[in-house]
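Visitor: I am new to this structure. Please take me through one part of it closely, and tell me how its charged side chains pair.

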Amino acid sequence: MSKIKVLTKEEISKIKTIKEDFQILVGQVGEVEIGIMNLKKRKKELEKELETIQQKEIDVAKELENKYGKGNISLETGEFTPIE
């Protein structure tokens, strides 16, 4: 049978340090993953806001076209120039 050998305090310390570093890394990876999840959620919210704004733009354009016809609007002067 083999004789049992005992590691030195230094060797045990090295192993413990590696395990602690690994646990810290696992925690950091978890934090990053949670951050990614939150960013994905925020991205979806922003995409919905964009869709809402785009729909408002379409609605206003239709409303103005029904009222004034096709044309161009100067936002600086408020003038409408019909397209012939």
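Guide: **Charged pairs along the helix**

Arg42 and Glu45 sit three residues apart in helix α1, about one turn of the helix. Helices here are DSSP runs of H or I with at least four residues, strands are E runs of at least two, and both are numbered from the N terminus. This is a predicted model, where local features need pLDDT of at least 70 and side-chain atom pairs count only at pLDDT 80 or more, while totals for chains, interfaces and linings use all residues. Residues are numbered from 1 along each chain as its sequence is written, and side-chain values use heavy atoms, leaving out hydrogens and water.

Now the pairing. Side chains of opposite charge can pair when their charged atoms come close. A salt bridge here is a side-chain nitrogen of Lys or Arg within 4 Å of a carboxyl oxygen of Asp or Glu. Arg42 and Glu45 form one, with their closest N and O atoms 3.4 Å apart. Arg42 also meets Glu49 in a salt bridge, at 3.7 Å from N to O. Shared partners join Arg42, Glu45 and Glu49 into one network.

How open are these residues? Buried means under 20% relative accessible area, exposed over 50%, and partly exposed in between (1.4 Å probe, protein chains only). Arg42 has 39%, so Arg42 is partly exposed. Glu45 has 34% and is partly exposed. Glu49, at 41%, counts as partly exposed.

The structure holds three salt bridges. One of them links Glu10 with Lys14, whose closest N and O atoms are 3.7 Å apart. Glu10 and Lys14 are four residues apart in helix α1, so about one helical turn separates them. Both Glu10 and Lys14 are exposed.

Helix α1 has 60 residues, 9-68. The expected span of a helix is 1.5 Å times one less than its number of residues. Gly69 follows α1, with a positive phi near 90 degrees.

Last, the whole chain. The protein chain has one helix and two strands, in the order α-β-β. Its C-alpha trace spans about 100 × 25 × 15 Å along the principal axes. Buried residues make up 0% of its 84 residues.
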